Amino acid sequence: MLVEKNVPLQSFNTFGIVAKALTLVRLQGLADIDTLLADAALKTAPKFILGGGSNIVLTGDVKPLVLKVEIMGKQLVSQTAKAWIVEAGAGENWHDLVTWTLENGYPGLENLALIPGSVGASPVQNIGAYGVELQDRFESLDAVDMTTGQRFTLNAAQCAFGYRDSVFKHLSNQGSQPGFGLADKALITHVRFALPKNWKPVLGYADIEKKRLQAGMDHPTAQQIYDWVCDIRRAKLPDWRVLGNAGSFFKNPTVSAEQCADIIEREPKIVHYVLADGSVKLAAGWLIDACGWKGKHIGNAGVYERQALVLVNRGGQANPVTGGEVMTLAKSIQTSVYERFGIMLAHEPVVV
Ligand code: EPU
(Lines give C-alpha, C1' and ligand atoms only; values in the text may rest on other atoms or scores of the structure.)
Protein backbone atom coordinates (compact mmCIF):
# COMPACT_ATOMS: atom_id res chain seq x y z
CA MET A 1 0.00 0.00 0.00
CA LEU A 2 1.45 3.33 -1.07
CA VAL A 3 0.51 6.46 0.93
CA GLU A 4 1.39 9.77 -0.75
CA LYS A 5 1.00 13.35 0.49
CA ASN A 6 -0.05 16.47 -1.48
CA VAL A 7 -0.62 14.63 -4.74
CA PRO A 8 -1.57 16.79 -7.77
CA LEU A 9 -4.90 15.57 -9.18
CA GLN A 10 -4.88 17.42 -12.52
CA SER A 11 -4.00 14.30 -14.51
CA PHE A 12 -6.46 12.20 -12.46
CA ASN A 13 -9.62 14.09 -13.52
CA THR A 14 -10.80 14.38 -17.11
CA PHE A 15 -11.74 18.08 -16.73
CA GLY A 16 -8.05 18.75 -16.00
CA ILE A 17 -8.91 20.87 -12.96
CA VAL A 18 -5.98 21.70 -10.67
CA ALA A 19 -6.36 20.44 -7.09
CA LYS A 20 -4.40 18.32 -4.65
CA ALA A 21 -5.20 15.25 -2.60
CA LEU A 22 -3.85 15.97 0.87
CA THR A 23 -3.36 12.21 1.26
CA LEU A 24 -3.73 9.60 -1.49
CA VAL A 25 -3.55 5.84 -1.15
CA ARG A 26 -3.18 3.53 -4.15
CA LEU A 27 -5.07 0.26 -3.73
CA GLN A 28 -3.74 -2.47 -6.04
CA GLY A 29 -5.44 -5.46 -4.46
CA LEU A 30 -7.47 -6.78 -1.54
CA ALA A 31 -4.30 -7.02 0.57
CA ASP A 32 -3.85 -3.23 0.26
CA ILE A 33 -7.42 -2.72 1.51
CA ASP A 34 -6.72 -4.99 4.51
CA THR A 35 -3.54 -3.01 5.29
CA LEU A 36 -5.44 0.28 5.02
CA LEU A 37 -8.19 -0.88 7.37
CA ALA A 38 -5.64 -2.24 9.86
CA ASP A 39 -4.35 1.33 10.31
CA ALA A 40 -6.57 2.91 12.98
CA ALA A 41 -6.14 6.50 11.71
CA LEU A 42 -6.68 5.62 8.03
CA LYS A 43 -9.60 3.31 8.84
CA THR A 44 -11.64 6.06 10.49
CA ALA A 45 -10.62 8.92 8.15
CA PRO A 46 -13.35 10.21 5.80
CA LYS A 47 -12.68 8.78 2.34
CA PHE A 48 -13.17 9.67 -1.31
CA ILE A 49 -12.94 6.91 -3.92
CA LEU A 50 -11.28 7.94 -7.17
CA GLY A 51 -11.88 5.84 -10.26
CA GLY A 52 -11.09 7.19 -13.71
CA GLY A 53 -11.93 10.76 -12.59
CA SER A 54 -14.30 11.13 -15.53
CA ASN A 55 -17.39 12.13 -13.57
CA ILE A 56 -16.12 14.59 -10.97
CA VAL A 57 -15.76 18.36 -10.55
CA LEU A 58 -13.04 19.28 -8.05
CA THR A 59 -13.81 22.57 -6.33
CA GLY A 60 -10.70 22.64 -4.12
CA ASP A 61 -8.08 20.40 -2.54
CA VAL A 62 -9.55 17.09 -1.44
CA LYS A 63 -9.31 16.72 2.33
CA PRO A 64 -10.83 13.26 2.72
CA LEU A 65 -8.39 10.41 2.16
CA VAL A 66 -8.34 9.76 -1.61
CA LEU A 67 -8.46 6.06 -2.46
CA LYS A 68 -7.14 5.49 -5.96
CA VAL A 69 -8.40 2.09 -7.06
CA GLU A 70 -5.82 0.31 -9.23
CA ILE A 71 -7.12 -3.28 -9.01
CA MET A 72 -6.49 -4.82 -12.43
CA GLY A 73 -7.30 -8.00 -14.36
CA LYS A 74 -9.77 -9.13 -17.04
CA GLN A 75 -10.79 -12.76 -17.46
CA LEU A 76 -13.53 -15.16 -18.42
CA VAL A 77 -14.51 -16.66 -15.06
CA SER A 78 -17.40 -18.94 -16.04
CA GLN A 79 -20.18 -19.50 -18.51
CA THR A 80 -23.82 -20.51 -18.45
CA ALA A 81 -25.98 -21.86 -21.28
CA LYS A 82 -26.87 -18.27 -22.10
CA ALA A 83 -23.86 -16.12 -21.28
CA TRP A 84 -20.12 -15.69 -20.94
CA ILE A 85 -19.28 -14.34 -17.48
CA VAL A 86 -16.36 -11.93 -17.70
CA GLU A 87 -14.78 -10.37 -14.61
CA ALA A 88 -12.69 -7.23 -14.49
CA GLY A 89 -10.80 -5.42 -11.74
CA ALA A 90 -12.27 -2.06 -10.73
CA GLY A 91 -9.12 -0.22 -11.80
CA GLU A 92 -9.29 -1.39 -15.42
CA ASN A 93 -10.06 1.25 -18.04
CA TRP A 94 -13.64 0.82 -19.26
CA HIS A 95 -12.96 1.19 -22.98
CA ASP A 96 -10.01 -1.24 -22.79
CA LEU A 97 -12.37 -3.81 -21.27
CA VAL A 98 -14.95 -3.29 -24.06
CA THR A 99 -12.19 -3.74 -26.68
CA TRP A 100 -10.81 -6.83 -24.93
CA THR A 101 -14.22 -8.55 -24.70
CA LEU A 102 -14.80 -8.12 -28.45
CA GLU A 103 -11.28 -9.30 -29.33
CA ASN A 104 -11.90 -12.42 -27.27
CA GLY A 105 -15.28 -13.24 -28.76
CA TYR A 106 -17.61 -12.02 -25.98
CA PRO A 107 -19.94 -9.44 -27.57
CA GLY A 108 -22.47 -7.26 -25.73
CA LEU A 109 -20.62 -4.16 -24.54
CA GLU A 110 -20.04 -2.63 -28.02
CA ASN A 111 -22.68 0.14 -27.64
CA LEU A 112 -20.78 1.31 -24.55
CA ALA A 113 -17.44 1.76 -26.36
CA LEU A 114 -15.31 4.84 -25.69
CA ILE A 115 -17.07 5.89 -22.48
CA PRO A 116 -14.32 7.40 -20.32
CA GLY A 117 -13.73 6.08 -16.82
CA SER A 118 -12.93 2.91 -14.95
CA VAL A 119 -14.69 -0.45 -14.61
CA GLY A 120 -15.29 0.22 -10.89
CA ALA A 121 -17.17 3.44 -11.66
CA SER A 122 -19.36 1.86 -14.36
CA PRO A 123 -22.02 0.42 -12.00
CA VAL A 124 -21.99 3.52 -9.77
CA GLN A 125 -23.69 5.64 -12.40
CA ASN A 126 -25.04 2.73 -14.47
CA ILE A 127 -23.31 4.07 -17.59
CA GLY A 128 -25.36 3.99 -20.74
CA ALA A 129 -25.22 4.87 -24.42
CA TYR A 130 -26.99 4.07 -27.69
CA GLY A 131 -29.74 1.94 -26.20
CA VAL A 132 -27.67 -0.14 -23.74
CA GLU A 133 -27.13 0.49 -20.05
CA LEU A 134 -24.62 -1.28 -17.85
CA GLN A 135 -27.47 -2.99 -15.98
CA ASP A 136 -28.39 -4.87 -19.21
CA ARG A 137 -25.02 -6.68 -19.15
CA PHE A 138 -24.33 -6.79 -15.42
CA GLU A 139 -23.98 -10.05 -13.50
CA SER A 140 -22.61 -9.15 -10.05
CA LEU A 141 -19.87 -7.23 -8.27
CA ASP A 142 -17.58 -7.62 -5.30
CA ALA A 143 -17.06 -4.79 -2.85
CA VAL A 144 -15.62 -4.11 0.58
CA ASP A 145 -17.46 -2.28 3.35
CA MET A 146 -14.81 0.29 4.28
CA THR A 147 -16.33 0.82 7.71
CA THR A 148 -16.10 -2.84 8.76
CA GLY A 149 -13.69 -4.47 6.28
CA GLN A 150 -16.37 -7.00 5.34
CA ARG A 151 -16.35 -8.27 1.74
CA PHE A 152 -19.66 -8.75 -0.04
CA THR A 153 -21.18 -9.52 -3.44
CA LEU A 154 -24.21 -7.77 -4.95
CA ASN A 155 -26.44 -8.86 -7.81
CA ALA A 156 -28.25 -6.44 -10.14
CA ALA A 157 -31.37 -6.10 -7.98
CA GLN A 158 -29.23 -5.28 -4.93
CA CYS A 159 -27.45 -2.54 -6.89
CA ALA A 160 -30.85 -0.79 -7.43
CA PHE A 161 -29.89 0.49 -10.86
CA GLY A 162 -31.77 3.46 -12.31
CA TYR A 163 -31.05 6.00 -15.04
CA ARG A 164 -27.46 7.09 -14.21
CA ASP A 165 -28.16 5.90 -10.69
CA SER A 166 -27.48 3.03 -8.27
CA VAL A 167 -27.22 2.20 -4.57
CA PHE A 168 -23.64 3.57 -4.73
CA LYS A 169 -24.92 7.13 -5.33
CA HIS A 170 -27.00 7.25 -2.14
CA LEU A 171 -25.89 7.58 1.47
CA SER A 172 -26.51 4.96 4.14
CA ASN A 173 -27.87 7.70 6.41
CA GLN A 174 -29.75 10.85 5.42
CA GLY A 175 -29.21 13.01 8.51
CA SER A 176 -31.16 11.23 11.21
CA GLN A 177 -33.07 9.10 8.64
CA PRO A 178 -31.67 5.73 7.56
CA GLY A 179 -30.98 5.73 3.80
CA PHE A 180 -30.74 2.75 1.44
CA GLY A 181 -27.39 3.67 -0.09
CA LEU A 182 -23.78 2.53 0.09
CA ALA A 183 -22.07 5.71 -1.17
CA ASP A 184 -20.23 6.28 2.09
CA LYS A 185 -19.31 2.64 2.63
CA ALA A 186 -18.67 0.44 -0.37
CA LEU A 187 -15.48 0.21 -2.37
CA ILE A 188 -16.07 -1.84 -5.53
CA THR A 189 -13.17 -4.21 -6.27
CA HIS A 190 -14.40 -6.42 -9.16
CA VAL A 191 -17.32 -6.34 -11.58
CA ARG A 192 -18.74 -9.31 -13.53
CA PHE A 193 -20.63 -9.03 -16.80
CA ALA A 194 -22.99 -11.54 -18.43
CA LEU A 195 -22.33 -11.31 -22.17
CA PRO A 196 -24.98 -13.10 -24.25
CA LYS A 197 -24.03 -16.17 -26.29
CA ASN A 198 -27.13 -15.60 -28.43
CA TRP A 199 -26.00 -12.05 -29.19
CA LYS A 200 -28.28 -9.68 -31.08
CA PRO A 201 -27.32 -6.16 -32.10
CA VAL A 202 -28.98 -3.30 -30.23
CA LEU A 203 -29.94 -0.95 -33.05
CA GLY A 204 -32.75 1.59 -33.18
CA TYR A 205 -30.91 4.56 -31.72
CA ALA A 206 -31.05 7.34 -34.35
CA ASP A 207 -27.28 7.84 -34.76
CA ILE A 208 -26.66 4.09 -35.06
CA GLU A 209 -29.52 3.66 -37.54
CA LYS A 210 -28.00 6.40 -39.70
CA LYS A 211 -24.69 4.50 -39.79
CA ARG A 212 -26.45 1.20 -40.53
CA LEU A 213 -28.39 2.68 -43.45
CA GLN A 214 -25.26 4.36 -44.82
CA ALA A 215 -23.42 1.02 -44.70
CA GLY A 216 -26.48 -0.80 -46.12
CA MET A 217 -26.13 -3.55 -43.48
CA ASP A 218 -29.10 -5.46 -42.09
CA HIS A 219 -27.04 -7.66 -39.77
CA PRO A 220 -24.03 -5.75 -38.45
CA THR A 221 -21.48 -7.55 -36.27
CA ALA A 222 -20.61 -6.44 -32.75
CA GLN A 223 -17.26 -5.17 -34.07
CA GLN A 224 -19.13 -3.13 -36.71
CA ILE A 225 -21.32 -1.51 -34.05
CA TYR A 226 -18.24 -0.84 -31.90
CA ASP A 227 -16.63 0.97 -34.85
CA TRP A 228 -19.81 3.00 -35.48
CA VAL A 229 -20.13 3.98 -31.81
CA CYS A 230 -16.47 5.06 -31.74
CA ASP A 231 -17.03 7.14 -34.92
CA ILE A 232 -20.23 8.75 -33.54
CA ARG A 233 -18.65 9.60 -30.18
CA ARG A 234 -15.48 10.99 -31.80
CA ALA A 235 -17.61 13.23 -34.05
CA LYS A 236 -19.96 14.46 -31.31
CA LEU A 237 -18.09 14.40 -28.04
CA PRO A 238 -14.76 16.04 -27.21
CA ASP A 239 -11.77 13.84 -26.33
CA TRP A 240 -10.93 14.81 -22.75
CA ARG A 241 -7.21 14.45 -23.49
CA VAL A 242 -7.59 17.34 -25.97
CA LEU A 243 -10.44 19.33 -24.41
CA GLY A 244 -11.12 18.52 -20.75
CA ASN A 245 -14.71 17.53 -19.91
CA ALA A 246 -16.80 15.11 -17.81
CA GLY A 247 -19.16 13.78 -20.51
CA SER A 248 -22.83 14.77 -20.26
CA PHE A 249 -22.97 17.36 -17.50
CA PHE A 250 -26.73 17.10 -16.90
CA LYS A 251 -29.16 14.19 -16.85
CA ASN A 252 -31.98 14.08 -19.37
CA PRO A 253 -35.05 15.11 -17.30
CA THR A 254 -38.24 13.09 -17.16
CA VAL A 255 -41.65 14.81 -17.10
CA SER A 256 -45.23 13.58 -17.02
CA ALA A 257 -47.23 13.25 -20.27
CA GLU A 258 -49.35 16.28 -19.20
CA GLN A 259 -46.30 18.43 -18.49
CA CYS A 260 -44.81 17.41 -21.83
CA ALA A 261 -48.03 18.23 -23.75
CA ASP A 262 -48.00 21.64 -22.09
CA ILE A 263 -44.37 22.27 -23.08
CA ILE A 264 -44.92 21.01 -26.67
CA GLU A 265 -47.73 23.52 -27.08
CA ARG A 266 -45.26 26.30 -26.33
CA GLU A 267 -42.16 24.61 -27.84
CA PRO A 268 -43.28 22.34 -30.69
CA LYS A 269 -39.73 21.33 -31.69
CA ILE A 270 -38.70 19.96 -28.29
CA VAL A 271 -36.84 16.61 -28.60
CA HIS A 272 -38.61 14.02 -26.44
CA TYR A 273 -38.97 10.25 -26.06
CA VAL A 274 -42.02 8.55 -24.56
CA LEU A 275 -40.98 5.91 -21.99
CA ALA A 276 -42.68 2.58 -21.27
CA ASP A 277 -44.52 3.98 -18.23
CA GLY A 278 -46.00 6.89 -20.21
CA SER A 279 -43.64 9.52 -18.78
CA VAL A 280 -41.53 11.49 -21.23
CA LYS A 281 -37.75 11.98 -21.32
CA LEU A 282 -36.57 15.32 -22.68
CA ALA A 283 -33.18 15.87 -24.34
CA ALA A 284 -31.33 18.18 -21.94
CA GLY A 285 -28.86 19.01 -24.73
CA TRP A 286 -31.71 20.35 -26.82
CA LEU A 287 -33.11 22.44 -23.92
CA ILE A 288 -29.68 24.01 -23.28
CA ASP A 289 -29.09 24.54 -26.99
CA ALA A 290 -32.53 26.19 -27.35
CA CYS A 291 -31.52 28.67 -24.62
CA GLY A 292 -28.59 29.71 -26.81
CA TRP A 293 -25.76 28.26 -24.69
CA LYS A 294 -23.86 26.29 -27.34
CA GLY A 295 -20.32 27.68 -27.67
CA LYS A 296 -20.84 30.22 -24.82
CA HIS A 297 -18.53 30.40 -21.81
CA ILE A 298 -17.99 31.83 -18.35
CA GLY A 299 -14.27 32.26 -17.69
CA ASN A 300 -12.60 29.08 -18.84
CA ALA A 301 -15.74 26.96 -18.48
CA GLY A 302 -17.40 26.53 -21.86
CA VAL A 303 -20.40 24.81 -23.46
CA TYR A 304 -19.14 22.48 -26.19
CA GLU A 305 -20.10 23.80 -29.61
CA ARG A 306 -21.16 20.40 -31.00
CA GLN A 307 -23.14 19.09 -27.98
CA ALA A 308 -24.60 21.55 -25.46
CA LEU A 309 -24.85 18.87 -22.76
CA VAL A 310 -21.06 18.79 -22.40
CA LEU A 311 -19.18 21.46 -20.44
CA VAL A 312 -15.50 21.84 -21.33
CA ASN A 313 -12.21 23.23 -19.99
CA ARG A 314 -11.30 25.97 -22.47
CA GLY A 315 -8.01 26.81 -20.74
CA GLY A 316 -6.27 23.48 -21.35
CA GLN A 317 -3.53 22.30 -19.01
CA ALA A 318 -1.72 25.62 -18.94
CA ASN A 319 -4.61 27.80 -17.75
CA PRO A 320 -7.18 25.27 -16.57
CA VAL A 321 -10.79 25.89 -15.66
CA THR A 322 -11.58 25.91 -11.93
CA GLY A 323 -14.33 23.86 -10.33
CA GLY A 324 -15.92 27.18 -9.29
CA GLU A 325 -16.12 28.33 -12.92
CA VAL A 326 -17.67 25.03 -14.00
CA MET A 327 -20.32 25.25 -11.28
CA THR A 328 -21.06 28.93 -12.00
CA LEU A 329 -21.66 28.05 -15.67
CA ALA A 330 -23.75 25.02 -14.66
CA LYS A 331 -25.94 27.19 -12.36
CA SER A 332 -26.42 29.84 -15.07
CA ILE A 333 -27.53 27.12 -17.51
CA GLN A 334 -29.91 25.65 -14.93
CA THR A 335 -31.43 29.09 -14.32
CA SER A 336 -32.04 29.87 -17.98
CA VAL A 337 -33.50 26.41 -18.73
CA TYR A 338 -35.74 26.77 -15.66
CA GLU A 339 -36.90 30.26 -16.66
CA ARG A 340 -37.80 29.18 -20.19
CA PHE A 341 -39.10 25.63 -19.71
CA GLY A 342 -39.88 25.39 -15.99
CA ILE A 343 -37.53 22.39 -15.70
CA MET A 344 -34.64 22.19 -13.21
CA LEU A 345 -31.77 20.17 -14.72
CA ALA A 346 -29.85 17.90 -12.36
CA HIS A 347 -26.10 17.65 -12.85
CA GLU A 348 -24.51 14.25 -13.39
CA PRO A 349 -20.92 14.55 -12.07
CA VAL A 350 -20.09 14.37 -8.39
CA VAL A 351 -18.99 17.76 -7.04
CA VAL A 352 -16.08 17.30 -4.63
N1 EPU B 1 -29.44 17.98 -29.14
C2 EPU B 1 -29.54 19.27 -29.59
N3 EPU B 1 -28.52 20.14 -29.28
C4 EPU B 1 -27.45 19.77 -28.55
C5 EPU B 1 -27.36 18.45 -28.07
C6 EPU B 1 -28.38 17.56 -28.38
O7 EPU B 1 -30.49 19.65 -30.26
O8 EPU B 1 -26.58 20.60 -28.31
C9 EPU B 1 -30.49 17.03 -29.50
C10 EPU B 1 -29.94 16.02 -30.53
O11 EPU B 1 -30.08 16.49 -31.84
C12 EPU B 1 -30.79 14.81 -30.27
C13 EPU B 1 -31.08 14.89 -28.79
O14 EPU B 1 -30.82 16.23 -28.39
O15 EPU B 1 -32.00 14.91 -30.98
C16 EPU B 1 -30.28 13.92 -27.95
O17 EPU B 1 -28.88 14.12 -28.18
P18 EPU B 1 -27.84 12.88 -28.21
O19 EPU B 1 -28.32 11.83 -29.14
O20 EPU B 1 -26.48 13.46 -28.47
O21 EPU B 1 -27.92 12.22 -26.78
P22 EPU B 1 -28.05 12.85 -25.33
O23 EPU B 1 -29.41 12.56 -24.82
O24 EPU B 1 -27.62 14.27 -25.36
C25 EPU B 1 -27.33 10.70 -24.03
C26 EPU B 1 -26.37 10.37 -22.92
C27 EPU B 1 -24.94 10.23 -23.44
C28 EPU B 1 -24.95 9.12 -24.49
C29 EPU B 1 -25.93 9.49 -25.60
C30 EPU B 1 -26.07 8.38 -26.61
C31 EPU B 1 -27.29 11.32 -20.90
C32 EPU B 1 -27.19 12.40 -19.87
N33 EPU B 1 -26.42 11.40 -21.90
O34 EPU B 1 -26.97 11.99 -24.51
O35 EPU B 1 -24.12 9.84 -22.36
O36 EPU B 1 -23.64 8.95 -25.03
O37 EPU B 1 -27.25 9.71 -25.05
O38 EPU B 1 -26.77 7.31 -26.05
O39 EPU B 1 -28.12 10.43 -20.76
C40 EPU B 1 -22.71 10.65 -20.61
O41 EPU B 1 -23.52 10.20 -19.81
O42 EPU B 1 -21.65 11.22 -20.24
C43 EPU B 1 -22.98 10.54 -22.04
C44 EPU B 1 -22.18 11.11 -22.97
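**The cavity, the pocket and the ligand**

Mentor: Happy to! The largest cavity is lined by S54, W94, I115, P116, G117, S118, A121, S122, Q125 and I127. Before going on, note that this is a predicted model: local features need pLDDT of at least 70, side-chain atom pairs count only at pLDDT 80 or more, and totals for chains, interfaces and linings use all residues. Residues are numbered from 1 along each chain as its sequence is written, and side-chain values use heavy atoms, with hydrogens and water left out.

On a 1 Å grid over the protein atoms alone, a cavity is a set of points where a 1.4 Å probe fits but cannot get out, while a pocket is an open set with protein on both sides within 12 Å along at least five of seven lines; lining residues have an atom within 4 Å of a point. A search of the whole structure finds one cavity of 30 Å³ or more. The largest cavity has a volume of about 50 Å³, where a volume is the space filled by probe spheres set on the points, and grid points are joined across faces, edges and corners. Its lining divides into five nonpolar, five polar and no charged residues (Ala, Val, Leu, Ile, Met, Phe, Trp, Tyr, Cys and Pro count as nonpolar, Asp, Glu, Lys and Arg as charged, and the others, Gly among them, as polar).

Now for an open space. The second largest pocket has a volume of about 990 Å³. Of the 41 residues lining this pocket, F48, I49, V124, F168 and A183 are the closest to its centre. Helix 2 (40-44), strand 3 (47-50) and strand 14 (186-196) are the elements that give two or more residues to the lining (helices, H or I with at least four residues, and strands, E with at least two, are DSSP runs numbered from the N terminus). The largest share, four residues, comes from strand 3. By class, the pocket lining has 23 nonpolar, 11 polar and seven charged residues.

Finally, the ligand. It is surrounded by 23 residues, of which Y130, Y163, Y205, Q307 and A308 are the closest (a residue counts when one of its heavy atoms lies within 4 Å of the molecule). A backbone N or O atom of A308 lies 2.8 Å from an oxygen atom of the ligand. Side chains take part as well: an N or O atom of R164 is 2.9 Å from a ligand oxygen, and one of E348 is 3.2 Å from a ligand oxygen.

Notes:
A polar contact is a pair of N or O atoms within 3.5 Å; within protein, one must be able to donate a hydrogen and the other to accept it, and residues adjacent in sequence count only if both atoms are side-chain atoms.
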